[in-house]
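I opened my notebook to go through one model, strand by strand and ring by ring. These are the entries I kept.

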Amino acid sequence: IGSWGTNSIWKIPAGTTTASKWIDVSGTGPLLGVLADEKSGRLLVCKAGVKTFDLKTGAPREALTIPTANPFCNDLAVRNDGSIYVTDTNGAKVFMFAKGKTEALQVASDPLLAGIDGLAFLNDPDKLYVNTVTTSKLLRLDLAKDGKVNKITELKLSRPLQGPDGMRAV
């Protein structure tokens, strides 16, 4: 559990009902999205760029850089090839860390992405779904083989969203 107010990650051990402070992530930028990537054994945390921690021990691992002024990393998703996608809410951009890379590549920038927040892959690794917290949109991003966005489609919903935040495939 990411705690903006305490700049820390909290954990509820299996079989218990009480959360305890686990990882201190003090430093520059707000603490936002948190994603357990079980395949890589890492906890991914939006904190200015992306900080990674060992999923079992909480020990710090990599610091991943988003090459833009004042990135507002808000949420993360992992593609089946191990690449990490992040949203930059204030910049209306999507960045990708190719597997093993520590610096992101900008893969999308568009006015439709204003307020971009949550993102998730469903069954198709070439389609990334995102929501926008400020404009209340749900979008599908079609990805090329290199991971860059080649088409953005606004999805029409049966009823409007209002300030959607975060998103995970279930």
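**Strands and rings**

I looked up Leu43 and found that its bridge partner in strand 6 is Phe53. Strands here are DSSP runs of E of at least two residues, numbered from the N terminus, and two strands pair if DSSP finds at least two bridges between them.

I noted that this is a predicted model, in which local features need pLDDT of at least 70, side-chain atom pairs count only at pLDDT 80 or more, and totals for chains, interfaces and linings use all residues. Residues are numbered from 1 along each chain as its sequence is written, and side-chain values use heavy atoms, with hydrogens and water left out.

I followed strand 5 (residues 42-47) to strand 6 (residues 49-54): they are antiparallel, with six bridges. One residue sits between these strands in the hairpin, where Ala48 has a positive phi near 70 degrees.

I then checked strand 4 (residues 31-37). Five of its seven residues are buried, so strand 4 is largely enclosed by the rest of the structure. Buried means under 20% relative accessible area, with a 1.4 Å probe and protein chains only. Strand 4 runs antiparallel to strand 5, joined by five bridges, and Val34 faces Val45.

I searched for aromatic pairs (ring centres within 6.5 Å, using the six-membered ring of Trp; edge-to-face if the planes are over 60 degrees apart) and found one. The centres of Tyr85 and Phe121 lie 5.6 Å apart with planes at 75 degrees, so the pair is edge-to-face. Tyr85 is in strand 9 and Phe121 in strand 12, 36 residues apart. Both Tyr85 and Phe121 are buried.

Methods. Rings of Phe, Tyr and Trp (its six-membered ring) pair if their centres lie within 6.5 Å; planes under 30 degrees apart count as stacked, over 60 as edge-to-face and the rest as tilted. Helices (H or I, at least four residues) and strands (E, at least two) are DSSP runs, numbered from the N terminus. Buried means under 20% relative accessible area, exposed over 50%, partly exposed in between (1.4 Å probe, protein chains only).
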